[in-house]
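Subject: Structure handover

Hello,

Here is the structure I said I would pass on to you. Please open it beside this email and follow the residues as they come up.

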Amino acid sequence: MDGGNVSKGIVLKHLGGDGPIEVLTRVMDFNVQQVTSPDGKVMDLPANTLVAFTAVKFRELGDSDEWEFTTLVPSASGVPARAYIYLSGADIFMVRATSKVG
């Protein structure tokens, strides 16, 4: 965790776990060379790249400020499959959500 990063966990707690939300983070792992996009294309992904994804649900794992995000990805059957992404609250740069005001 970078000492300058402030956790976005408080924002996620405020939103209550229901999506959809868009999450922006940065890939910091120098071992990550390629990723497969939701449409099946393989892309080169250099370290320190910003990555955004849409989560349909999310939850904190205990009181750890570690978060599980449920996303939907294409599958061979044509029915979207669930995929899970795990991030620390401090590794999240931005959360974008639709208004909670009805």
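Below are the conventions, and then what was found.

This is a predicted model, in which local features need pLDDT of at least 70 and side-chain atom pairs count only at pLDDT 80 or more, while totals for chains, interfaces and linings use all residues. Residues are numbered from 1 along each chain as its sequence is written, and side-chain values use heavy atoms, with hydrogens and water left out.

Overall layout

The protein has one helix and seven strands. Helices (H or I, at least four residues) and strands (E, at least two) are DSSP runs, numbered from the N terminus. Along the sequence the order is α-β-β-β-β-β-β-β.

Of the 102 residues, 25% count as buried. Here buried means under 20% relative accessible area, exposed means over 50%, and partly exposed is in between (1.4 Å probe, protein chains only). The protein exposes about 6,900 Å², and carbon and sulfur atoms supply 56% of that area. Accessible areas come from the Shrake-Rupley method with a 1.4 Å probe; for residues, only the protein chains shown count as cover.

A contact means heavy atoms within 4.5 Å. Among contacts in the protein with a separation of 6 or more, 52% are between residues 24 or more positions apart.

The sheet

Five strands form an open sheet in the order S6-S5-S4-S1-S7, with antiparallel pairing. The edge strands are S6 (81-88) and S7 (92-97), each of which pairs on one side only. From one strand to the next, the twist averages 40°. For that angle, axes are lines fitted to C-alpha atoms (for helices over the stretch in contact), and angles run from 0 to 180 degrees between N-to-C directions. Two strands pair if DSSP finds at least two bridges between them.

Thr71 itself lies in strand S5 (residues 66-73), and it counts as buried because its relative accessibility is 6%.

Ile85 is found in strand S6. Its relative accessibility is 27%, so Ile85 counts as partly exposed. With residues up to four places away in sequence set aside, Ile85 touches Phe53, Trp67, Glu68, Phe69 and Thr71. Ile85 and Ala55 are 30 residues apart in sequence, and their C-alpha atoms are 8.9 Å apart in space.

Salt bridges

Side chains of opposite charge can pair when their charged atoms come close. A salt bridge is a side-chain nitrogen of Lys or Arg within 4 Å of a carboxyl oxygen of Asp or Glu. How many salt bridges does the structure hold? There are three.

- Glu60 and Lys13 meet through their side chains at 3.6 Å, N to O. This pair links distant parts of the chain, with Glu60 in strand S4 and Lys13 in helix H1 (residues 9-15), 47 residues apart. Glu60 is buried, because its relative accessible area is 16%, whereas Lys13 is partly exposed at 48% relative accessibility.
- Glu22 forms a salt bridge with Arg96, and the closest N and O atoms are 2.3 Å apart. This pair also links distant parts of the chain: Glu22 is in strand S1 and Arg96 in strand S7, 74 residues apart. Glu22 is partly exposed, with a relative accessible area of 24%, and Arg96 is partly exposed, with 49%.
- Glu68 forms a salt bridge with Arg59, with the closest N and O atoms 2.7 Å apart. Glu68 is buried, with a relative accessible area of 10%, whereas Arg59 is partly exposed, with 45%.

A surface patch

Leu50, Phe93 and Met94 form a nonpolar patch on the surface, and together they have about 240 Å² of accessible area. Patches are made of residues with over 30% relative accessible area and no salt bridge; like charges are joined within 9 Å, and nonpolar side chains (Val, Leu, Ile, Met, Phe, Trp, Tyr) within 5 Å. Leu50 is in strand S4 (residues 49-60). Leu50 counts as partly exposed because its relative accessibility is 45%.

Regards
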